[in-house]
Amino acid sequence: MEFGLSEEQGLLRESVDRFLDDNADLDRVRKFADDPDDRGDDIWSGLAELGVPAILVPEAYGGIGLSALDAAVVAESLGAHATPAPFLSTAVLAVAALRLAGDEAQRGAYLPRIADGSLRIGAAMSELSGARQDAGVEARADGTLHGTALFVLDPDADIFLVADRTRRFHLVRADADGVEGTLLPQVDRTRRIAEVAFTGASAEALHASDPELALQVIDLGRVIVAADTLGAGQEMLDQAVAYAKQREQFNRVIASFQAVKHLCAEMAAEIEPSRALVWYAAHALDEVPDEARLMACHAKAHLAEVGQFVGKTATIVHGGMGFTDLLGLHYWFKRMGFNRQILGGPERVREEAARVQGLA
């Protein structure tokens, strides 16, 4: 029995890491953060050449047809580099929705274009995992959408995947009449969100209307977000250790101080078991469906807390330098803060886990 990544998954991570090291370094992340018109097309097209958007797309539609665990491995690398890319919305949530709820014609029309990187799909489904269950978007019998979606992921996409109040999915062109988006300020500048208003916008409903399918899409999204936080947390720990080994105080490197050793050890003790949790949660999505929702909730909630602790502690190790843009720690810190809340904060997700177990 294997209790770790396969050789192929290790090679996948190495390939993605090498590309991101060369093409999505901190200077590139800063450029994206400072330019609202920068969509990161160079990064996404490069990732497309590696097959990243195609990772969950079935082979029959031009994809690679890999597992949720493979997607989690990629998400770790993206989080470790604070990568500005529409992986969560386009390659994960949209692909999962089309696979689960789309018919053959819809899969054939959209999945190949996602796989080759030519189509970006933003995700408007925060209401599925938030407190605004009575708000959101209403789909009417004439095929139009009405209402407002908050916290829409990747608002500069070509198409929006919208979940209505009944948990049915719809696709609507971002430039369609009756669609108006407004960028929302947020802490994580490596990704963008928006409020999107729909006033009679024509939409294409995905074939299946089972509300359970939308929850399965959210389960996958939560695991991928947890993996992103895992990668970001590991990177912050690595940077803290490297800094402590070269920063001197009182003619000694601060890594020799017991207090600093304890801080780094505590971060490592939080991150290492979290890796097994995230990997098993991703594995369960494909192989242990009876445990999938519970494990997705646990992974999302636990990594939210681990990310908060590691972000704070790594910044403390850096001292005053940790707050500067020179080191850029804040990009990872804020990314983990965004991950904490998107698709459900830890309190809400734990409540869902309790309901799954019949405890609430």
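Between domain 1 and domain 3, the salt bridge count is one. This is a predicted model, where local features need pLDDT of at least 70, side-chain atom pairs count only at pLDDT 80 or more, and totals for chains, interfaces and linings use all residues. Residues are numbered from 1 along each chain as its sequence is written, and side-chain values use heavy atoms, leaving out hydrogens and water.

**Domains**
- The chain is assigned domain 1 (7-115), domain 2 (121-205) and domain 3 (211-356), with bounds from an automatic or database domain assignment.
- The C-alpha centres of domain 1 and domain 3 are 20 Å apart.

**Contact and buried area**
- Contact (heavy atoms within 4.5 Å) involves 27 residues of domain 1 and 25 residues of domain 3.
- Arg 30, Glu 76 and Leu 100 supply 24% of the area that domain 1 buries against domain 3, more than any other three residues.

**The domain 1 side**
- On the side of domain 1 that touches domain 3, α2 (26-34), α4 (68-80) and α5 (87-101) each supply at least two residues (helices are DSSP runs of H or I, at least four residues, numbered from the N terminus).
- The largest share of that side, nine residues, comes from α4.

How values were computed: Buried area is the accessible area (1.4 Å probe) that two parts lose on being put together, summed over both. A salt bridge is a side-chain nitrogen of Lys or Arg within 4 Å of a carboxyl oxygen of Asp or Glu.
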